[in-house]
Structure formats: structure tokens, C-alpha cells
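The following exercises concern a single protein chain. Please examine the sequence and the model before working through each solution.

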Amino acid sequence: MRGIHYLSKLKAANLPPELLEKGQNRVIDASLTLIRERAKLKGELLRALGGVKASATLLGVPLGHNSSFLQGPAFAPPRIREAIWCGSTNSSTEEGKELNDPRVLTDVGDVPVQEIRDCGVDDDRLMNVISESVKLVMEEDPLHPLVLGGDHSISFPVVRAVSEKLGGPVDILHLDAHPDIYHCFEGNKYSHASSFARIMEGGYARRLLQVGIRSITKEGREQGKRFGVEQYEMQTFSRDRQMLENLVSLSPSPHTCAHTTYTCKSWFRDLTRFHLWSVLGQKLGEGVKGVYISIDVDCLDPAFAPGVSHIEPGGLSFRDVLNILHNLQADVVAGDVVEFNPQRDTVDGMTGMVAAKLVRELAAKISK
């Protein structure tokens, strides 16, 4: 909101529009230059070291103003970094990779979202800046973006950039309590509750699997059907668990079993269908440019992660999420961890450590 107030003051001062735009362009150029040069430095280092095909690269996007409830996720990136390196645990991931090896994890800093907004830059241009920042990272082989949110609105410009840079759509594994696929939530096309509608409209994803859903409206289901989204709701997770923890050969056809009423006969029919899908289905990420993983921290039950804006009981356990990540056999090309709200975390920063652990394990999945 500070940026909006500052823009009002600038307009009240009757500054010529061209003067304002020139100043905005300078700030944007400076912001992109910082990301570009840091990415170049990290890319040169990794190429000199050799022996690496992909290194997960942290890029913070501290954006919170597109949240429909609280804006605390804007403060998350530095808190996640602090938790990653706080020293309370070692630098090894569960898959045995060492985070202090730059071939596994590097960092290019944050997109200066607030500074850009303070100059009166609107969301259309801001989203373009985020996309361009992601592309600058990807231009420096072998860097692959692992984005720290921020609210979930950032996933749209990030996925857009990944898809455009790779030259085609990706498959998305989306872990969340909410589908975030409203057409235009509360009149905001960039709302954190509308990010996946923008992604699907743009053709940036071939398949979208949404796991952990337990707060979904009629519009969310209708939008899911419209875009062919595979929505797995928590009320049926016990039945879907084995499949979701072994995402090696899922059908590309829409799967919305969570809102089907089952008789014994229909249950057996769908079980048989799943068996055929497992044998004949297409591997997640096969035939596209790779898999993008988006993790909203509120996919977890609040017992594991209370520091979120939208507390929704009945979610995934932390081990459920790790099982899904660890067992995924696919080329993970990029990802994000979003919606951690430090302002609602416990005194000892428990959710910050949870978000950091998710980042660590995602880094292990992306790095090659």
C-alpha cells in the first residue's frame, strides 16, 4: 500500500507523465541489472567448477499485496533464508545432497518489489519484471529458479517465464489447500487466488495436478473442469495416497475424483481405470519441457505449519509432502515455495523452518 500512497503524492504534484515513466524505467533497469549480474557471477562460478547440469537458484519475490486477507508473505524470503542457514541443522538434504555446495544451491537475491511499487509501477509491469528476472536466471546455465514467495500471485509470472524460456509448456504439481484458479478474485486478475487461471489461460502448463485441496468453491471446481485440472481433495487422500506418492505414470486425462459420490460398483470401476492409467498413462513431465513444483505452505495441516494467512485444518502431513516430492520421477526444472506468513508464525519460528525444509528438499530435486 505504501507504493500506492506514494504514487498518489507524485500525481498530486502534477509531475509530467513522461518524467514519471522515465524514473520508473530507471528503477526497473537497475533492479534487473542487479539480478542479471548476480546470476552471471553464479553461472560463471558453476561453469568453472564443472560437473553440474542444474543448480537450484534462490530468487526471492517479496510480494504480498495481492493477498486477499493478510500481506505478511511479503516478509517471507529473508526469514526462509535465515532458517535455511541458521545452524540448527546440518546442510545435508534427505536425499544426501549438500546445500553448501553451489552446484546444489545458489542465490541471486530478491526482486526489489517494494522499491519498484514505490515508484508507482502497476501490476502489469511488475509481473513483467518478475518474469524477466526469472529469465535472467535461466539465461545463465546451469541455474534453475527456485523462487521464494511472497503470495501465490507470483507463480503466474514465474511459470510464464519458465515456459517461455524453455520454449513450451510444463506440467505442474501444485500442493495447496486452495485451487487458486478463480477467474478474477475480488476483481483482481493478479490475485493470489487467481494465479493458476492465468497460467492455464496462457497455455503455460499442459497438465496441472492440485494436491491437498480442502477449501474449494463451486467456481473452483468449474474452473478445474474448464481447464482439465486434476484436483485431488483431502477428503479422499487416504484413497489417493499410494498414487500421489508415486507420481511416475499418471493419466493426462482430467481426474476429479474428489467430488464424485461412490457406490461399490463405481469405486471398483474407477479403481480399474486407475490400474489401466498406471500401465498405459503418460509419465508426469513426459512430452513437455519438464515439471514445475509449486508449494503453498498451507497445503500442510496447520499443526505442522501455523504461520500462514489462511489456516485450513485437515491438511497434509509434512511427511506426506516429502513422500510425494522424493518419489516423483521427473525432470523438475523449477519451483516455488509461497504463502509463508512470518507475522503469524510461532515465537520459535517453526513455520519458517518448515518452509526452509521444503526449499532444501526442492533444491535437491532440481539440482543435477
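**Exercise 1.** Which backbone nitrogen does the side chain of aspartate 107 reach?

Solution. The model is a predicted one. Begin by placing the residue: aspartate 107 belongs to strand S2. From there, its side chain reaches the backbone nitrogen of glycine 109, at 2.8 Å.

**Exercise 2.** Determine whether aspartate 107 is buried or exposed, and list the residues it touches.

Solution. The relative accessibility of aspartate 107 is 18%. Buried means under 20%, so aspartate 107 counts as buried. Leaving aside residues up to four places away in sequence, aspartate 107 touches Arg38, Lys42, Thr57, Leu58 and Arg81.

**Exercise 3.** Describe the sheet to which strand S2 belongs, and locate its edges.

Solution. The open sheet is formed by 8 strands with parallel pairing, in the order S2-S1-S3-S8-S7-S4-S5-S6. Strand S2 (105-110) and strand S6 (230-233) are the edge strands, each pairing on one side only. On average, neighbouring strands are turned by 15° against each other, direction ignored.

Next, consider what packs on the sheet. Helix H2 (residues 17-49) does so, touching strand S1 (55-61), S2 and strand S3 (143-149). The direction of helix H2 makes about 170° with that of S2.

**Exercise 4.** How many bridges join strand S7 to strand S8?

Solution. Strand S7 (residues 291-296) and strand S8 (residues 332-338) run parallel and are joined by 6 bridges. Aspartate 296 stands opposite valine 338 in S8.

Notes
Residues numbered from 1 in each chain as written. Predicted model: local features only at pLDDT ≥ 70, side-chain atom pairs only at ≥ 80, totals over all residues. Heavy atoms only, no water. Pairing = 2+ DSSP bridges. Helix = DSSP H or I, 4+ residues; strand = E, 2+ residues; numbered from the N terminus. Axes fitted to C-alpha atoms, helices over the stretch in contact; angles between N-to-C directions. Contact = heavy atoms within 4.5 Å. Buried < 20%, exposed > 50% of the residue type's maximum accessible area, 1.4 Å probe, protein only. Polar contact = N/O pair within 3.5 Å; in protein donor to acceptor, adjacent residues only side chain to side chain.
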